[in-house]
Amino acid sequence: MTPLDLLLLIAAFTVVVMLVSGQLRSIAGENAVALYAAQGLALLPMAGLGYGTVAEVPASISIPIMQHTLHWRFDGLSWFFALITIGAALLSSWFTAGEWAEKFRARGGSMRLFHSTLALNVFSMLLLLASGDLLSLFIGWELVSWASFLMMGLAGGQALRYAMRYLSYAIAGAMAVLVGLAMVYSQTGSFDYAALAAAVPHMSNNQIWLLLLLFTAGFGVKMAMIPLHLWQAKAYAETPGPGAAFLGAISSRMGLFAIIVVVLQLIGFARLLDLSIPFTLLNARDLLAWIAVFTIIFPTFTALRQHDARRLLAWHGIGQGGYMLIGILSMDALGSAGGLMHIFNHATYQAMLFMSVTAVLHRTGTSDLNQLGGLVVRMPLSFLAMLVGIIGLAGLPPMNGFVSKWMIYRSLMDDGSPLLFIGAVIGTLGTILSVYKLIHNTFLGQLRTEHVEIEEAPSSMLIPMMILAAIVFLTGYFPGVVLDWVAAAQAAIGLPPLTHTLGGVPEINGGLDMIWVVSILLAGFGIGALIFFSGNRHQRIHQLDNYAGGHFLSADVRYQYSDNFYPGLMHLIGPWYRASFQWLERGFLSLLETLSTLMQGGYRAAHPAFYLLAVMVLSLAWVVWL
Amino acid sequence: MNGPVLLIVLPLLTAFLLPIIYRLMPLAGRLTGPLILVVTSIIGLTQLQHLGDDTLAIAMGGFPPPLGISLYIDRLALAFALAVTLGTLLLWPKASGDNPDSRPGSLSLILAGAGCGLALSGDLFNVYVFYELVAVATYGLVAGRGTTAACTASVRYLIISGFGAAMALIGIALIYNATGTLNLAHLAELAPSRLNNGQGLAAFVLLLIGFGVKAELFPVNTWVPEVYATASSRLTALLAGVVSKLALLIVLRLLVLLFPQPEAHLLMLVLGILGVVSGELAAWRARDLNRLLAYSSIGQLGIMFIAFSMPGQAAILAGLAVALHHLIAKPALFLLAERWGGSVQGLSGAAENSPVAAVLFILLSLSLIGVPPFPSFWAKLLVLLELARQAQPLYFLGAAVILAGAALEANYLFRVVSRLYTPDAAQPVPEPQRLPELARAGMLGAVLVASIFVISPINNQLEQLADQASDTQRYISTVNPRVTP
């Protein structure tokens, strides 16, 4: 039995255990945590993959089916993704183990369903990551799609409607992939990765374009690439909190994984550069890069307009996917390492942000940014988690998000793509603005009277948040830890691995050493704090003990508003929001509606024999014509 | 030697005796029909076992073909005969209260016997006769409910079926005119010289449209939604599951034996594509579960037509795989629609009362859409891979249409599923599923799930079926041993 067999077995076992005992109040959450920890331990014997000392770990099982054989194996890239997946599942299920589950149950949710769905998600993702040929990749892909549908629809009602929307997109995407697979099979006669890679040089440019379109659109649905992104934010936002943390952390990255494997690795970077678009100076890679940039900009600025914390985060999840893609598309050691590292970084802070918002929701009953405020005094640790998270999300030092974004920016500039760089920076600007809105409207400003009695989130929620906060900070301090795994993943997909140190990237003309950056930053803050706390006479007063213009402000006076945030900015950029994609979606739906009404009308016709005669006459006319 | 004949004769004979038995002993009357079907199924199974890899021809009454009437028995034919018998047994009409009525039983037995005849017969005239017999049995069964809607649907069905049969008859006449024989083996021998021309193609068009009526071929399938929405669910299941496949089998035989020309294939491809498009789109819009399933069945039959429109043994294999899956999955869905029929809106929260049925519905939907690892995924994969190999670009359109159809299918089937799980305070929860329907649907569902684990053996079996079915020379030399290949 190989280590991969063991991992998959434990993952399957987790599903079974959760199906059997997921409803048990006392132990289900703890069981889940223990089982995910076991899965994490099962990754250890394969750690060679993560450090580039072992190239591949095969599974000993392979299933011959019809004339095909399904097999599975892990390489550096799979290991890296699997690590994130299992980590996200572990902390998300930890988050449920306690008060959250009680409340979920009280509202009529089934913890058995939740736990087994989560376990099923992990299992299907591991299968996808381990896929060793195109057919097993597709099977894994479909399983992941349906598992995440289950997770999204779990809450019923509104959530189910959004999950249905996701399903429509996902299945349409999967079908596009299937057409692509059939094309590949007709060219190569096999589903092996190697066969496709070998056949690519013999395919015509038109064929490659078609394959590229089918695969990128199909896999792009899951990573919510523009213009296939509309489903994601609402579906993730309505998913039960820890589920949203898990999905937001890793689920949509599965799309990126498949794109990396099929489009970038098998069709190949070189071929993408060869495919030029007529009458422009662009090639296929540039096209993808521009799609990635717009995937950064549009969703990020849509996030700016949201007033539900969960939707705001979910929209950012889409935008950050664009950074990962554009980083990997840069194809050099630095940029692609940035893109891959951003997957890890994003997973950590996004999960934490969703958890923090869920903790607030758990205590206050709302995630509406216009109904919150001032919670920092009541929930300081949740505030800390969100603070660390948004610094990471915005890509500022000292958190890990800064490192990956720095690498991406740097490689865009080195590449000589100033326009892409500007696009990415515009995206970051939107991110900073909207995460400030998030933390301000939730934790800063005036505490609402109905929230005065609120308590800090329970420890079952705080511990996973604090673990994540520590990870976000420490991998920002010592990015080399993650970059080791990233370099192995780069090697696995045929990119030049990044040379790095524990602190960052040594470069001749200006590298990055986070140990220095963070230490100086901390020293600065330390000196400031020293001066502030020792030299300054200060006194703590209650937040409600407040005066303005000589008047005492009682608790019910709202002197600080959070709705209609950024009115000046919105006045400027408001007209740019056109909802064009929604218009496109509705247009497509009404086209479908019209067509299907026509078809149904055809079947309703009162004179059925007429069709028979008509088609008879037509066909006979055709025969005579022949 | 005479076993296969019994498959046809036994149910037909019993059908005519049934009214008398009912008159004498109502209880025995009730039991006779199913009993006979059990016996014929056992005969069919033993025949299938005896047959092995052989094919054989039976000359009725000792008159050798092409003069006499012959039956042609290969695995494909026997498998279909068995499917008809078992299907009728499983979907045996419900006993209606205290007033014993022998008619549904008799008609079902006629359906089973004639269906077997259709599958086994080796000459065109008998095919026509048995086809008509099947049609007559189904008219009676459809109208049997007695409601106005059922009668209207039945009349519509009758008209279009009658026209179709007339077309088929003209087609047969054309063939007879060109060749002077109706024995399929003899025709297959003569086809390359006599039917490979405009007249032959015209005959194929007429036959395709004629037999296409029952195979839900676009556009002669307008009876489908009405009949399926009004008939009892067991009958609907039988029509959609089994009878449509029988008609398809005839079309397949004609195509392989008599009309291998590319134009014939092309016509079928075009009609198949239109069938998928119209069926799936109409289903997407349907607001009534029976109609939704009816339209979706039109779409699925379209896939089979597309599959059979490709030349070669692999295409037959692919088509048979889709047909086999549909034969099992669709009846099960229609059985669930017995209680859940009518507006989809009215199904809100039905999962509360019948959780098992809801899970079954999800399972069957997943399988119908073609989600791996369910068997229909492998069937559709076979079709797709075969389509991608064809040079004619229209086949690529076929592949695209099949997959777009699957995406639509996922959408409308899961719209129903999400209804099942969304209770609506404003309306009552539908009543729980009845056990007989649920048990039958559950059995079919279990077969589907079990088949996940034996995909490869099933594939091998179907491959042999397809091998035999695509072998024209073998057909000729089995029926007429004088002709050596």
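**Talking through a two-chain model**

Colleague: Which residue caps the N-terminal end of α23(A)?
Modeller: Asp513(A) does, with a side-chain oxygen that lies 3.1 Å from the backbone nitrogen of Ile515(A). Please keep in mind that this is a predicted model.

Colleague: And how many residues does helix α23 of chain A have?
Modeller: Helix α23 of chain A covers residues 514-535, which makes 22 residues, and from first C-alpha to last it reaches 31 Å, close to the 32 Å expected at 1.5 Å a residue.

Colleague: What about α15 in chain B, what span should its 15 residues have?
Modeller: At 1.5 Å a residue, helix α15 of chain B (residues 355-369) should span 21 Å, and the end C-alpha atoms are 21 Å apart, so the two values agree.

Colleague: Which residues of α15(B) are buried?
Modeller: Among them are Ala357(B), Ala358(B), Leu360(B), Phe361(B) and Leu364(B), and the buried residues also include Leu368(B) and Ile369(B). Just after α15(B) comes Gly370(B), which takes a positive phi of about 95°.

Colleague: Switching to strands: how many bridges join β1 of chain A to β2(A)?
Modeller: Six bridges join strand β1 (residues 57-65) of chain A to β2(A), and the two run antiparallel. Val57(A), for instance, stands opposite Phe74(A) in β2(A). The strands form a hairpin with two residues between them, and Met66(A) in the turn has a positive phi of about 50°.

Colleague: Why is β2 of chain A described as largely enclosed?
Modeller: Five of the seven residues of that strand, residues 68-74, are buried, so the rest of the structure largely encloses it.

Colleague: Then Ala579(A), what is its phi near?
Modeller: Phi of Ala579(A) is near 55°, again a positive value in a residue other than glycine. Ala579(A) sits in the loop between α24 (567-573) and α25 (580-604) of chain A, and with a relative accessible area of 42% it counts as partly exposed.

Colleague: Where is the cis peptide bond with omega near 0°?
Modeller: It runs from Ile226(A) to Pro227(A), and Pro227(A) is found in the loop between α10 (205-220) and α11 (232-238) of chain A. A cis peptide bond also joins Pro397(A) and Pro398(A), where omega is about 10°, and Pro398(A) has its place in the loop between α18 (380-394) and α19 (400-415) of chain A.

Colleague: Back to chain B, is Ser108(B) buried or exposed?
Modeller: Ser108(B) counts as buried, because its relative accessibility is 3%. This serine lies in helix α4 (residues 103-120) of chain B, and, leaving out residues up to four places away in sequence, Ser108(B) touches Thr88(B), Trp92(B), Pro93(B) and Leu141(B).

Colleague: What does the domain assignment of chain B give?
Modeller: The assignment gives domain 1 (1-122) and domain 2 (155-479), whose C-alpha centres lie 23 Å apart. Across that boundary, 31 residues of domain 1 of chain B are in contact with 34 residues of domain 2 of chain B.

Colleague: Where is confidence lowest in chain B?
Modeller: Confidence in chain B is lowest in strand β1 (residues 56-59), at a mean of 80, and highest in helix α12 (residues 289-308), at 92. Chain B averages a pLDDT of 86, and 97% of the residues score at least 70.

How values were computed. Residues numbered from 1 in each chain as written. Chains lettered and ligands numbered in written order. Heavy atoms only, no water. Helix = DSSP H or I, 4+ residues; strand = E, 2+ residues; numbered from the N terminus. Buried < 20%, exposed > 50% of the residue type's maximum accessible area, 1.4 Å probe, protein only. Contact = heavy atoms within 4.5 Å. pLDDT = per-residue confidence, 0-100. Expected span 1.5 Å × (residues − 1). Polar contact = N/O pair within 3.5 Å; in protein donor to acceptor, adjacent residues only side chain to side chain. Pairing = 2+ DSSP bridges. Domains from an automatic or database assignment.
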